[in-house]
Amino acid sequence: MTDNPVASRTPLSLLGTGAMGTALARAWLAAGHPVTVWNRTPARAAHLAAEGAAVAASAAEAVAANRLVVLCLLDDASVGDALDGIDLSGRDLVNLTTGTPAQGRARAAWAQARGARFLDAGIMAVPPMIGDARSGAYVLYSGSSGLFEEHGAALAVPAGTRYVGSDPGFAALHDVALLSAMSGMFAGVLHAFALIRREDVAPKDFAPLLVSWLGAMAPAAHKAAEQLESGDHGKDVVSNLAMQVAGNATLLATAEEQGVSPELLTPYMALMERWLAEGHGDEDTTGAVELLDVRRAGSGPS
């Protein structure tokens, strides 16, 4: 995704050649990077040799081959297992392995104690999106700003880059927050299709309406952000909490009529009802975020 000739000459080692690792390796190879790959199961790395990658016999050999070392493994424990006992001094570790914010922070301290710079990351893409400038794929990075600045052009080859701060846990935090929002959207999409499933409504005909509606509603996140930052949940309210809670009855009645379980909707509805009971009927729904804070007294479900 870059024509930078300096980036194309940056050598790197990639540990992990599953579906995502393979896509990353191919993008870097296509851009002219010398790439050394390693996988715990050697056969899963061998196919990249035909595309120009050097295949290391061990993780230690891969780490020793290049200063820039990219990790794309199963989980945080796999990272620790792969790098156990390996000299990391002077290495720049970029961890593309999915993890939690706490794991990112702990892994950064672990790497720094071994003389390495460290970036944690969250990939906002699936493998087919990697290396395609039109796909909208990007990777969130946090941790060593010096590492990101030095290798930013190389890291931008497979996907766009977003540096979200020096706190090593922020990439995972942003990643999981975005994925959590996506999960909620998918839950709503599934419920919507369930409602029409037994009627003479073709899912393919309904899908464009669904996509258009969700796209029109998505910018509401900007207003929610403003309300959360200001603490004023009554600002620019279009449909207040009391009205939305009342409207939920229609959603539940329709689900019952259609023979559809409301289980994908009821947790959010229950949260809205609890916030209404605390006297916030004239506000927007965003204030209910307070009920999700387990450290808040009385935040648990009643």
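**Close-up views of the predicted model**

View 1. Leu 14 stands opposite Val 70 in E4. Helices (H or I, at least four residues) and strands (E, at least two) are DSSP runs, numbered from the N terminus. Two strands pair if DSSP finds at least two bridges between them. The model is predicted: local features need pLDDT of at least 70, side-chain atom pairs count only at pLDDT 80 or more, and totals for chains, interfaces and linings use all residues. Residues are numbered from 1 along each chain as its sequence is written, and side-chain values use heavy atoms, with hydrogens and water left out.

Is E4 covered on one face or on both? Both: Leu 68 and Val 70 are buried on one side, Val 69 and Leu 71 on the other. Buried means under 20% relative accessible area, exposed over 50%, and partly exposed in between (1.4 Å probe, protein chains only).

View 2. Eight strands form an open sheet in the order E3-E2-E1-E4-E5-E6-E7-E8, with mixed pairing. Strand E3 (54-55) and strand E8 (160-163) are the edges; each has a single partner strand, so one side of each has no neighbour in the sheet.

**View 3. Strands E5 and E6, with helix H7 packed on the sheet.** E5 (residues 92-95) pairs with E6 (residues 117-124) in the parallel sense, over four bridges. Leu 93 stands opposite Phe 118 in E6. Helix H7 (residues 145-155) packs on the sheet and touches strand E4 (68-71), E5, E6, strand E7 (138-143) and E8. The direction of H7 makes about 50° with that of E6. Contact means heavy atoms within 4.5 Å. Axes are lines fitted to C-alpha atoms, for helices over the stretch in contact, and angles run from 0 to 180 degrees between N-to-C directions.

**View 4. Helix H5 under cover.** How many of the eight residues of H5 (residues 76-83) are buried? Six are, and the helix is mostly covered. These are Asp 76, Ser 78, Val 79, Gly 80, Ala 82 and Leu 83. Their cover includes E1, strand E2 (35-38), helix H4 (59-65), E4, E5 and H6. Gly 85 follows H5, with a positive phi near 80°.

**View 5. The largest pocket.** The largest pocket holds about 2,400 Å³ of space. Its lining has 47 residues; Gly 184, Met 185, Met 217, Tyr 268 and Thr 285 lie nearest the centre. Helices H8 (170-196), H9 (203-217), H10 (220-230), H11 (241-258) and H12 (266-277) are the elements that each give two or more residues to this lining. H8 gives the most, 13 residues. By class, the lining has 30 nonpolar, 15 polar and two charged residues. Ala, Val, Leu, Ile, Met, Phe, Trp, Tyr, Cys and Pro count as nonpolar, Asp, Glu, Lys and Arg as charged, and the others, Gly among them, as polar.

On a 1 Å grid over the protein atoms alone, a pocket is an open set of points with protein on both sides within 12 Å along at least five of seven lines; a cavity is a set where a 1.4 Å probe fits but cannot get out; lining residues have an atom within 4 Å of a point. Grid points are joined across faces, edges and corners, and a volume is the space filled by probe spheres set on the points.

**View 6. The second largest pocket.** About 330 Å³ of space lies in this pocket. Of its 15 lining residues, Gly 16, Asn 39, Cys 72, Leu 73 and Leu 74 lie nearest the centre. Helix H2 (residues 19-30) gives the most to this lining, three residues. The lining divides into six nonpolar, seven polar and two charged residues.

**View 7. The largest cavity.** One cavity of 30 Å³ or more is counted. The largest cavity holds about 50 Å³ of space. Which residues line the largest cavity? They are Asp 76, Asn 95, Thr 97, Thr 98, Gly 99, Thr 100, Gln 103, Gly 104, Arg 107 and Asp 120. Helix H6 (residues 101-113) gives the largest share, three residues. The lining has no nonpolar, seven polar and three charged residues.
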